[in-house]
Amino acid sequence: MIEAKGWVTAQVGERFAGHNRVLGVIASLLVGLVLLDIYLVPPPPPWALYAVLSSLVVAGAFLLTRRLLPDGQLKASLELVLLLVYLVFVCWCTGRTDSPFIPAIYLVLMATSLTLGRRITYLMAGLAVASYSLLAAGEYPPLWSQIPGYLIRVIPFILIAHVGAILAGETEAARCEVERLSLTDDLTELNNMRSFEALALQQEKVARRYQAPFAICMLDADNLKQINDRYGHLAGTELIKWTARVIRSNIRESDIAARFGGDEFIIMYTDHDKEQIRPAVERIVRAMNSCPFSYDGNLIECTLSAGIASFPWDGDDLKSVVKQADQAMYRSKRLGKNRVSLAESEREPAVELEKLQVGREKLRGRVPQLDGKRAGVHLGKGDLPR
C-alpha cells in the first residue's frame with residue numbers, strides 16, 4: 001500500500017534545503033581559501049585582480065540565487081556549476097594544472113553526487129574533464145598531448161564521481177526503506193496509523209476546500225479470540241494477515257487502508273458518502289465470509305463486522321467521523337456480526353437489518369490469487385468506479 005505519497009515527497013524540499021546550506025558553507029570556504037592564497041602567495045598581475053573579482057562575482061551570484069530561487073534541484077545544479085566554473089578560472093589564474101585548487105574540483109563532484117544523483121554527477125564529471133583539458137591546453141606542451149600523463153590526471157575525476165554516485169544511490173535506497181518501514185504496518189503491509197492519519201488529514205483539508213464528502217469504514221474480525229483459543233495465536237496472526245490481503249484486493253489505489261490495531265482495520269474512501277461506498281464494503285465482507293484461509297492444514301473461516309460513517313453528515317472533522325464509524329461497527333457486532341452498518345444519522349434500523357445482512361454467496365473470482373500482488377477485482381453493480 002505504501003508507494004509514492006505526496007506528503008512524504010514534501011520532505012524532498014527539506015533535504016534540498018539541507019544540501020543548499022552545505023553548498024553555501026562550501027562556497028564560503030572556497031572563496032575564503034582563494035582570497036587567503038592570493039594574499040599569501042599573490043599570482044603575477046593582473047591575475048590576482050581577476051581572481052579577486054571572480055570571487056566577488058561568485059559570492060554575489062550565490063546571494064542572488066539564494067534570494068530568488070527556491071530550494072531544489074535547479075538551485076543546487078546552478079550553484080554547483082557556478083562553483084566549478086569559478087574553480088576552473090581560479091586554477092587558470094594560479095598555475096593552471098599546477099594550481100593548488102585543482103583538488104577542490106573533487107569536492108564539487110562529491111557534492112554533486114550526494115545532492116543531484118547519478119546522471120547529473122556524470123555530466124558534471126564530463127564537464128570537469130573538459131575544464132581540466134582546457135587548463136592543460138593553456139600550457140606548453142599541453143598535458144593532453146602526453147596521453148598517459150593526461151589520463152592519470154583526469155581518471156580521478158571520473159572515479160570520484162562514480163564512487164560518489166554509488167554511495168549516494170545506496171544512501172537514498174536505505175533512506176527510502178527506512179521511510180517505508182516507518183509508514184507501514186510490518187504485519188499487514190498496509191499503512192500504519194501514523195501514515196493513515198497524515199494522509200487522511202490531507203484528504204480532510206481537500207474535502208473542506210471543495211465541499212466534497214469522504215467516508216470512513218471500520219472493520220473488525222468477528223472471531224479472533226475463538227481462533228486464538230482453538231488454533232493458537234499464530235493462527236490469529238495469519239487471520240490478521242489474511243484480512244489485510246482481502247481488503248487490499250478489494251479497494252482502489254486511491255483508497256487509504258490501514259491497520260487500526262489488533263484485528264481492526266480502517267479505510268478512507270474519498271469523494272463518496274457512506275451510501276455510495278456501502279456496496280464496496282459489503283464486497284469486502286462477502287470476500288472474507290466466502291474465502292477461509294489455510295493454517296496448519298486447516299481451513300479456518302472468519303467473518304467481518306463493518307461500520308461506515310461519512311463527512312460531513314456524521315461529523316464535522318475526521319476524528320468525529322471515525323468515532324461514528326467505530327460505533328456503527330460495534331452495532332454490526334451486536335446485531336449478529338458478518339454485516340455492514342451505517343452511522344445512525346439518516347437511517348432506518350428496521351430496514352437496515354434486512355438490507356445489510358451479508359450472506360455466504362460466492363464471489364465469482366472477486367478475491368483471486370491473493371499472493372501479495374494486487375489481484376484484479378471485478379466490480380459488481382453499484383460498486384465504486386475505479
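1. Helices here are DSSP runs of H or I with at least four residues, strands are runs of E with at least two, and both are numbered from the N terminus. The two residues form an edge-to-face aromatic pair, 5.6 Å centre to centre with 80° between the planes. For such pairs, rings of Phe, Tyr and Trp (its six-membered ring) must have centres within 6.5 Å; planes under 30 degrees apart are stacked, over 60 edge-to-face, and the rest tilted.

2. Before going on, please keep in mind that this is a predicted model, in which local features need pLDDT of at least 70 and side-chain atom pairs count only at pLDDT 80 or more, while totals for chains, interfaces and linings use all residues. Residues are numbered from 1 along each chain as its sequence is written, and side-chain values use heavy atoms, with hydrogens and water left out.

3. How open are the two rings of that pair? W47 counts as partly exposed at 28% relative accessibility, and Y50 is likewise partly exposed at 36%. The scale is this: buried means under 20% relative accessible area, exposed over 50%, and partly exposed in between (1.4 Å probe, protein chains only).

4. Aromatic pairs come to four in the count. Elsewhere, Y106, Y132 and F157 are linked into a cluster by ring pairs.

5. Staying with α3, have a look at T65, which lies in this helix. T65 is buried, with a relative accessible area of 9%. Leaving aside residues up to four places away in sequence, T65 touches K75, L78 and E79; contact means heavy atoms within 4.5 Å. T65 and E79 are 14 residues apart in sequence, and their C-alpha atoms are 7.9 Å apart in space.

6. Now for the whole protein. There are 13 helices and seven strands. Of its 386 residues, 49% count as buried. Among contacts with a separation of 6 or more, 70% are between residues 24 or more positions apart.

7. Two packed helices are described by the angle between their axes and the distance between the axes. Helix α10 (residues 233–248) packs with helix α11 (residues 274–290) at about 135°, their axes 9 Å apart. Axes are lines fitted to C-alpha atoms, for helices over the stretch in contact, and angles run from 0 to 180 degrees between N-to-C directions. The two helices are therefore oblique to each other; under 35 degrees would be roughly parallel, over 145 roughly antiparallel, 65 to 115 roughly perpendicular, and the rest oblique.

8. Which residues of α10 and α11 make the contact? L239, W242, T243, V246 and I247 come from α10, and I284, A287 and M288 from α11.

9. One runs from P45 to P46, with omega near 0°, and P46 is in the loop between α2 (11–40) and α3. Another joins F311 and P312, with omega about 5°; P312 sits in the loop between β6 (304–311) and α12 (318–334).

10. Finally, two residues other than glycine have a positive phi. D296, in the loop between β4 (293–295) and β5 (298–300), has phi near 55° and is exposed at 65% relative accessibility. K337, in the loop between α12 and β7 (340–342), has phi near 70° and is partly exposed at 32%.
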